[in-house]
Amino acid sequence: MKLSSTRLVSLLTALLPLSLAAQVGTPSKKYQTPMSIEEQNQQKVLSEAETKRFRRSYEGFNKMNTWSVSVHGGISKFFGDLQTGDFLTNGPGEKTTFLAGLSVNKQLSHLFGVSANFGFGTLSGSKDRFVYIDPLNESKGLSYGPNYFNSDILQGSLNFEANLKSLLFGTRKLRRLKADVFVGIGYLYYNTKVYAIRDYQFTDAGGTVRNYLKDELIRFSNGPKSSTTAGGWEGAGSKYSRDLVIPTGIRFLYELSPRIDIGMRYTLNHTFTEKLDMTLGGYDNSNMGQIYSSSGGNNSFRRGDSAYDKYGTLGLEVNYKLGRKAARGTINGKYPRDNGQVYHLRWTDPKDLIEAPYNPTADTALARVKAIMPPPVDPRLYTDTDGDGVADLYDKEPNTPANSIVSGAGVAMNLKDLLQPMIDRKVPKETCTQVFGNVEFKTDQAVLLPGAKNLLNDLISYLNEARDCRLVVMGHTDRRASDAYNMRLSRRRTEAVKKYVANAGLKDPSRVTIEYYGELRPVAPNDKPNAGMARNRRVELRILPMNNWKNYPGN
């Protein structure tokens with residue numbers, strides 16, 4: 001057969017659709033549906049919001065207000081040796097006392113914050129009975145008689161707060177209510193004076209008879225035995241006492257407006273002394289030598305048998321939220337941003353400010369898919385009825401026999417006819433006709449059959465003359481056995497072909513390349529053992545020009 005330039009052009013023209021079809025079979029990113037501008041902007045906003053959500057300053061997209069100022073005050077109550085009643089009742093000589101203060105609050109996150117607290121007020125307590133050093137043995141003497149005390153106090157502390165409501169119920173429930181628990185550390189400054197509730201007389205442990213008149217000053221905290229911290233108190237002495245204090249408590253707030261919160265607060269303050277009421281359990285409090293363990297400052301005040309003194313406060317609180325363009329969310333959980341509203345971190349979780357991604361309904365999504373869906377692909381593009389390596393869509397002879405050599409258009413070719421012009425030197429050796437063929441194998445074997453060897457011998461003869469051509473060997477299997485096993489089997493089959501052509505006289509075996517795909521590229525249904533599976537157990541042979549090496553593989 002004489003190969004004319006017209007024939008070569010027709011072969012290349014037949015092969016071009018096959019190359020395009022193979023590209024369609026393996027979609028690349030450029031064929032994927034691009035995101036719309038709206039989707040790209042939404043993706044960018046969500047990414048920025050997720051990043052800025054973890055920033056403590058909450059600047060940028062989700063900038064939030066974090067500072068506030070609170071004023072609070074209420075009834076105070078002492079708990080210690082000189083105690084009678086509770087918040088609602090007073091003992092003899094006892095006054096109704098108060099504690100008020102100011103707090104500067106900084107929210108670190110929606111759940112946690114800190115506050116600097118400053119307070120002032122009064123404390124009072126009483127006990128209208130005789131208390132002995134040893135209740136079981138009164139002969140050991142009296143500890144203290146019917147006494148009451150009054151004390152002026154100042155307090156400063158740094159508190160750490162936790163948003164209990166959001167921790168327990170989340171941010172989507174009880175949106176207008178907030179519950180905080182807090183604990184802190186600070187200093188308490190106090191000036192205590194103890195008085196007699198009524199006239200009474202007793203004999204102390206040293207045998208001295210002591211007489212006290214009603215409302216007579218018995219002892220006080222601010223004197224020679226006070227702490228060395230200077231102060232400006234009125235009354236006995238010019239010094240006041242100082243002790244560590246641990247405030248703990250809980251508060252409930254209602255968000256009345258974007259700026260104002262109102263609520264209630266209960267605080268229980270723990271001290272590390274019994275000096276707050278100037279009364280020790282288990283000692284004669286009329287004897288200063290027993291009250292103080294040694295001469296010196298406040299730390300020398302003796303530790304008695306009673307628990308450390310405490311005092312509590314139950315009252316109201318008003319909170320003012322600082323910041324520009326203060327806003328609050330709606331009762332149904334909406335957070336408008338149309339006017340640049342800025343929400344407070346105490347009441348708003350930054351995650352709630354991130355708008356939910358657009359979630360179309362099923363009908364909307366289906367309509368959009370239909371609008372961008374490409375036209376149906378001809379199923380013949382993915383089928384190869386005769387297994388010659390050319391898709392049925394481009395195969396001009398879809399029923400060529402097994403082990404046939406075909407052109408890019410699926411037309412059966414005779415290698416001897418192609419080879420003879422080269423032998424006769426009628427066609428330059430640089431000419432390479434692209435041909436396709438298959439070598440089939442038995443089940444689970446990689447041994448060449450006699451018919452396959454004859455085909456390969458013809459290919460060797462052709463390649464030895466066509467020095468500008470190369471051979472691509474691609475191995476396949478049916479779907480029996482595992483994926484990994486089939487991949488190895490297809491590799492063994494390609495290596496068997498390459499080894500045969502190299503040993504059978506092929507010049508320059510480097511022109512042979514192998515590819516193996518296991519069961520991934522069937523040409524017939526795998527549910528037909530006697531037909532489809534047999535055709536899938538194959539090795540495809542493709543003779544291609546050397547000049548398209550860089551563009552291959554690409555099927």
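Buried means under 20% relative accessible area. The structure I am reading is a predicted model.

**Entry 1: the whole chain**

I started with the overall count. The protein chain has nine helices and 21 strands. I then looked up burial. Of the chain's 555 residues, 44% count as buried. The accessible surface comes to about 28,700 Å². Carbon and sulfur atoms hold 57% of that surface. I also checked contacts between residues at least 6 apart in sequence. Of these, 70% join residues at least 24 apart.

**Entry 2: salt bridges**

Next I turned to charges. Side chains of opposite charge can pair when their charged atoms come close. How many salt bridges does a search of the whole structure find? The search gives 17.

I looked at Arg-538 and Glu-540 as one of my cases. They form a salt bridge, with the closest N and O atoms 3.0 Å apart. Are Arg-538 and Glu-540 buried or exposed? Both are buried.

Several bridges share partners. They join Glu-161, Lys-178, Asp-180, Arg-251, Arg-265, Glu-317 and Arg-346 into one network.

Then I took Asp-128 and Arg-198. Their side chains meet in a salt bridge, 2.1 Å from N to O. Asp-128 lies in the loop between β3 (112-127) and β4 (131-132), and Arg-198 in the loop between β7 (177-196) and β8, so this pair ties together parts that are 70 residues apart in sequence. I checked the exposure of each partner. Asp-128 has a relative accessible area of 36%, so I noted it as partly exposed. Arg-198 comes to 33% and is partly exposed.

Lys-321 and Glu-255 were next. Their side chains meet in a salt bridge of 2.9 Å, N to O. Which strands does this pair tie together? Lys-321 sits in strand β13 (residues 310-321) and Glu-255 in strand β11 (residues 241-255), so the bridge ties together parts 66 residues apart in sequence. Lys-321 is buried, and Glu-255 is buried as well.

**Entry 3: aromatic rings**

I moved on to rings. A search of the whole structure finds 10 aromatic pairs. I picked Tyr-200 and Tyr-212. Their rings are 5.4 Å apart, centre to centre, with 40 degrees between the planes. Is this pair stacked, edge-to-face or tilted? Planes under 30 degrees apart count as stacked and over 60 as edge-to-face, so the pair at 40 degrees is tilted.

Tyr-200 lies in strand β8 (residues 200-203) and Tyr-212 in strand β9 (residues 209-212), so the pair ties together parts 12 residues apart in sequence. Both tyrosines are buried.

Tyr-212 has another partner, Phe-202. This pair is stacked, at 6.2 Å centre to centre and 20 degrees between the planes. Phe-202 is in strand β8 and Tyr-212 in strand β9, 10 residues apart. Phe-202 and Tyr-212 are both buried.

Phe-130, Tyr-200, Phe-202 and Tyr-212 form one aromatic cluster.

**Entry 4: charges over rings**

I looked for charged ends sitting over rings. The charged end of Arg-242 sits over the ring of Tyr-187, 5.2 Å from its centre. The charged end of Arg-521 sits over the ring of Tyr-517, 3.9 Å from its centre.

**Entry 5: Leu-520**

Where does Leu-520 lie? It is in the loop between β20 (512-516) and α9 (532-536). At 62% relative accessibility, Leu-520 passes the cut-off of over 50%, so it counts as exposed. I also checked Arg-479, which is 41 residues from Leu-520 along the chain. The C-alpha atoms of the two are separated by 8.4 Å.

**Entry 6: a nonpolar patch**

I found a nonpolar patch of about 1,100 Å². Its residues include Val-71, Leu-102, Phe-112, Tyr-254, Ile-262 and Val-318. Which helix gives the most to the patch? Helix α3 (residues 164-169) does, with three residues. Leu-167 is a patch residue, and it is found in helix α3. Its relative accessible area is 45%, so Leu-167 is partly exposed.

Conventions
Residues numbered from 1 in each chain as written. Predicted model: local features only at pLDDT ≥ 70, side-chain atom pairs only at ≥ 80, totals over all residues. Heavy atoms only, no water. Helix = DSSP H or I, 4+ residues; strand = E, 2+ residues; numbered from the N terminus. Buried < 20%, exposed > 50% of the residue type's maximum accessible area, 1.4 Å probe, protein only. Phe/Tyr/Trp six-rings, centres within 6.5 Å; stacked < 30°, edge-to-face > 60°. Lys NZ or Arg CZ within 6 Å of the ring centre and 35° of its normal. Salt bridge = Lys/Arg side-chain N within 4 Å of Asp/Glu carboxyl O. Patch = residues over 30% accessible without salt bridge, like charges linked within 9 Å, V, L, I, M, F, W, Y side chains within 5 Å. Areas by Shrake-Rupley, 256 points an atom, 1.4 Å probe, with all protein chains shown as cover. Contact = heavy atoms within 4.5 Å.
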